[in-house]
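Trainee: I would like to know what stands behind the terms used for this model. Can we take them one by one?

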Amino acid sequence: MPTQVEDAEILSKFQDERTRNEAFNLLLNKYQQKIYWHIRRMVIDHDDADDLVQDVFIKVWKNLSGFRNDSQLYTWMYRIASNECITFLNKKKQRNNISIEDEAYNLADTLADSPYFNGDAAQKKLQQAILTLPEKQRLVFNMKYYDDMKYEEMSQVLGTSVGALKASFHLAVKKIEAILSEED
Amino acid sequence: MARDIENKEWLNDYEKLKQVSKTNPFKVPDGYFNELTERITAAIKLDEMKSNISTKVFSVPENYFENLTANIQSRIVVEGILDIENTGLAVPENYFDELNSNIKSRVVIEGALAGSKGDLKVPEGYFEELNSNIKSRIAVEDLLNADTGLTVPENYFNELSSNIRARIAVDELMKADAGLNVPEGYFESLSSSIQSRIVVEEVIAGTVNTLTVPEGYFNRLNKDILNKTVNKEIVKRKSAVIRMLSSNAFKYVTAACFLAIVGTGAFMQLESPEAVHDRSFLHKELANIPVSDIQNYLEQNLDGTDTQHTMATENLPVNADELKAALQDYTDQ
């Protein structure tokens, strides 16, 4: 992960009351886009992603003083973002009283109608294939495919073993390849 | 997959996926990330304000939420009543001002549609009074429809019929008493009439007490009168009837009796010297003097010659003035 400012410096400034706001601005500038895209790939809709990214950083602000260096800062924020995404999607399914499959169709329709999607047909087909995966499998695939995260880092984010993540990713890729191989 | 999954070349095993561009297909509004830091900062401050406000600023009265359900239900009932009143007793603005002309227009239109415009007549002054008539009718309807608290006692109407009949009977009885009339001015003259009657009764009572008749007089009187009249008529029924009142002898006898009565009265008026003496001033004055005083006077002023003189002049007339003066002197002493 390329870093603009070292996480240690950010955390150090955040502990000081006088430099706390400065530290948080550094953190936002460094991670806000990564967190946003991580959320956006999960919820597809920009407005939903915008709301969730604000919620995520509000929680970061509230809990950063208690952060321990037993994990990396960005994996900690990814963990918060992933949990927020899963919580949001579950609420949305309960609110609309629909199944996981129906939710995947709704997200695909949202993708097709969204003015903020400019991918080609192959990219659109890939996104629709990703939406057929279970939520946690989607998280694994997105973090590996788009963010090139290591399994150890993904393990910190999802709280799952590296072996389980490898198997999950293998199943996800096979399913997506099969979908992409289908004739239109 | 024999090789490490984290090898960047893992994608070579998935031909279709490898053909898909890895560029980000999603986009965001222009300048979104330039403002995102400020928006997140603002959201954090807003969240802190919400937390502070919700815990420190606002509060509700005690037991507010316990009573909230009942309060809301009461408010719903009140609002419902108000809505009913508003919808039931309201007319559009200027409704009554325009009603007259509206009705006239409607009448004209109806007449034109019916083709018999001349047949539609209304009483004279109908439209001039129509506005006030309608208002009055609405007011009456409102009073009749409104439950304004004008209630009657329980079973009032059930007992009303019998109550009215009883009242009518009482009124008739009161009117019947009106037949006991008195003449005009009766009570004004009643007092003097009673007093006159009392005087008459006293006179009659006094006559009865003073003018007595012998015992059994009226029993004998009836027989005597019958014997002298009816029975006598029976005996002499066949003889000729003599009219006594028209005879000259009867007239003379009547005149003689009258003179005898007058003469007797005049004679009775002539009093004896004792009677005159009894009514004289001297007798009255002496009667007022106690006997003891007279005795004392005689004991002090009489002697033996006086007794002789008194006896010698017993029949002489008394000088009243001298006697009065003497007695006055005596009493003054």
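Trainee: Which residues of helix H6 of chain A are called buried?
Mentor: In helix H6 (residues 121-130) of chain A they are A:Leu126, A:Gln127, A:Ala129 and A:Ile130. Seen down the axis of H6(A), these buried residues fall within an arc of 160 degrees, so they line one face of the helix. The arc is taken from the directions that run from the helix axis to the C-beta atoms.

Trainee: What sort of model is this, and how are its parts numbered?
Mentor: The model is predicted: local features need pLDDT of at least 70, side-chain atom pairs count only at pLDDT 80 or more, and totals for chains, interfaces and linings use all residues. Residues are numbered from 1 along each chain as its sequence is written, while chains are lettered from A and ligands numbered from 1 in the order in which they are written.

Trainee: Why is A:Leu27 called buried?
Mentor: A residue is buried if 20 or more other C-beta atoms lie within 10 Å of its own, exposed if 12 or fewer, and partly exposed in between, with C-beta atoms placed from the backbone. A:Leu27 has 24 C-beta neighbours inside 10 Å, so it counts as buried. A:Leu27 sits in helix H2 of chain A.

Trainee: What makes A:Tyr146 partly exposed?
Mentor: A:Tyr146 has 13 C-beta neighbours inside 10 Å, so it falls in the partly exposed class. A:Tyr146 lies in the loop between helix H7 (135-145) and helix H8 (151-158) of chain A. A:Tyr146 and A:Arg41 are 105 residues apart in sequence, yet 9.6 Å apart from C-alpha to C-alpha.

Trainee: How do you know that H7(A) and H8(A) meet?
Mentor: Two residues are in contact if their C-beta atoms, placed from the backbone, lie within 7 Å. By that rule A:Lys136, A:Leu139, A:Val140 and A:Met143 in H7(A) meet A:Met154, A:Val157 and A:Leu158 in H8(A). By class this contact has 6 nonpolar, no polar and 1 charged residues. Here Ala, Val, Leu, Ile, Met, Phe, Trp, Tyr, Cys and Pro count as nonpolar, Asp, Glu, Lys and Arg as charged, and the others, Gly among them, as polar.

Trainee: At what angle do the axes of H7(A) and H8(A) cross?
Mentor: They cross at roughly 145 degrees and come within 11 Å. Axes are lines fitted to C-alpha atoms, for helices over the stretch in contact, and angles run from 0 to 180 degrees between N-to-C directions.

Trainee: Is A:Leu139 buried or exposed?
Mentor: A:Leu139 is buried, because 26 other C-beta atoms lie within 10 Å. Not counting residues up to four places away in sequence, A:Leu139 touches A:Met42, A:Ser82 and A:Leu158. A:Phe169 is 30 residues from A:Leu139 in sequence and 9.5 Å from it, C-alpha to C-alpha.

Trainee: What is noted about the phi of A:Ile44?
Mentor: Phi of A:Ile44 is near 70 degrees, a positive value in a residue other than glycine. A:Ile44 is in the loop between H2 and helix H3 (46-63) of chain A, and it is buried because 22 other C-beta atoms lie within 10 Å. B:Asn63 also has a positive phi, about 60 degrees, and is not a glycine. B:Asn63 is exposed, because 8 other C-beta atoms lie within 10 Å. Its place is the loop between H2 and helix H3 (64-88) of chain B.

Trainee: What makes a set of residues a nonpolar core?
Mentor: A nonpolar core is a set of buried Ala, Val, Leu, Ile, Met, Phe, Trp, Tyr and Cys residues joined through C-beta atoms within 7 Å. The largest one has 53 residues, and those with the most contacts inside it include A:Ile35, A:Val56 and A:Met77. Helix H2 (residues 20-43) of chain A gives the most to this core, with 9 residues. Leaving aside neighbours within four places in sequence, A:Val56 is in contact with A:Ile35, A:Met77, A:Ile80, A:Ala81 and A:Glu84.

Trainee: How many helices and strands are there in chain A?
Mentor: Chain A has 9 helices and 0 strands, and chain B has 15 helices and 0 strands. Helices (H or I, at least four residues) and strands (E, at least two) are DSSP runs, numbered from the N terminus. Buried residues make up 35% of the 184 residues in chain A and 1% of the 333 residues in chain B.

Trainee: How many residues of chain B are in contact with chain A?
Mentor: 22 residues of chain B are in contact with 31 residues of chain A. H2(B) gives the most to the side of chain B that touches chain A, with 8 residues. By class, that side has 13 nonpolar, 4 polar and 5 charged residues.
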